[in-house]
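Biologist: Could you take one part of this model and go through it closely, giving the cut-offs behind each term as you use it?

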Amino acid sequence: MRIYYSEAHRAHFPQGELHGGELVTPFERPSRIEYILARLRARGMDDLHDPGEVDLAPIRALCDAGYLQFLETAWAEWTAEGFAGEIIAASFPARRMQSARPPRNIDGKVGYYALASETAITAGTWQAACASAACAQGATAHVIAGARCAFALCRPPGHHATADMYGGYCFLNNAALSAEAMRAGGAARVAVLDIDFHHGNGTQDIFYDREDVFFASLHGAPEDAFPYYLGYADETGTGAGVGATANFPMPPGTDYPEWSLALDDALARIRGFGADGLVVSLGVDAYKEDPISFFKLDSPDFFDAGRRIGAFGLPTVFCMEGGYSIENVGINTVNVLEGFLA
Ligand code: Q9C
Ligand code: ZN
């Protein structure tokens, strides 16, 4: 399996994440990638490819122009304002405050384009987000060219990012870009299967009214888990997209027997949809020791999940999402890939 990876992810390394009222070392940190690379190499999966330059055209086609402009220039505007710290959103267009006009002031603009305040933007964030998207583009092009599968080792992750908002450690929605590229590459119907612990609100939002891209997500129930305000089972799509979104929210303590039933349900829904290609939002934060999650999957369970996805038989692009139990993120990620190939 080819692995698309760019060292440019290191350009995004915020020092602080707002967590419980403190600024802590971010859970989503560069070393995550080192653990995954080490495990890939240990298992002989060393077919690493640099994706090269990002193709901005599909990103401009998918995302809001003002949002992309903001991501590109936010750091320069923030420092020009005289702010000494990293970019953290503090004001939001909350209920009955939505004029839908991005402010001129950078502090206002940050809150306008943020969906949460845990995610800091730094000098190299835009560059890293582009390199992450480039990995998704490279992996997808490889699958479009006829490969059975490819792994986009994306960092920063993407599934919380909408066309016009960042947050939950995400800036550009790599999985959505992959799905769109598959469609453009000839797949009439594409499915995104999101097995990250958190609901893929960004991907859902992007495809919510679309009949050609199915979105299925297994995640911690919104009553109890980030992103809190989306991911209920009764969110099933709108307009032409009615029936093309499937959410499987699950409560604290959910273990593999329960989780795998939802996985089989999601795969059956994707089968019924008639997908020609599959994008997997591959987060491994459903792991029992993940510091910010509450499912109880063990490492061998990730192999079995990969096996079920592989048995499905569709051309598949894996896009890396979350997973914060640093010592285990490599084992669990590679277990999914090895299970897929088994
Ligand atoms: N301070 C992904 O897994 N909430 N994002 C943080 C701890 C945000 C997770 C709670 C979690 C975002 C890609
Ligand atoms: Zn997650």
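Modeller: Helix H1 (residues 31-42) has twelve residues and spans 17 Å from its first C-alpha to its last, close to the 16 Å expected at 1.5 Å a residue; helices (H or I, at least four residues) and strands (E, at least two) are DSSP runs numbered from the N terminus, and the expected span is 1.5 Å times one less than the number of residues. This is a predicted model, in which local features need pLDDT of at least 70 and side-chain atom pairs count only at pLDDT 80 or more, while totals for chains, interfaces and linings use all residues. Residues are numbered from 1 along each chain as its sequence is written, chains are lettered from A and ligands numbered from 1 in the order in which they are written, and side-chain values use heavy atoms, with hydrogens and water left out.

The buried residues of H1 are Arg32, Ile33, Ile36, Leu37 and Leu40, where buried means under 20% relative accessible area, exposed over 50%, and partly exposed in between (1.4 Å probe, protein chains only). These residues lie on the same side of H1 because they cover an arc of only 130 degrees around the axis, the arc being that of the directions from the helix axis to the C-beta atoms. The face of H1 turned away from its buried side carries the exposed residues Arg41 and Ala42. After H1 comes glycine 44, whose phi is positive, near 75 degrees.
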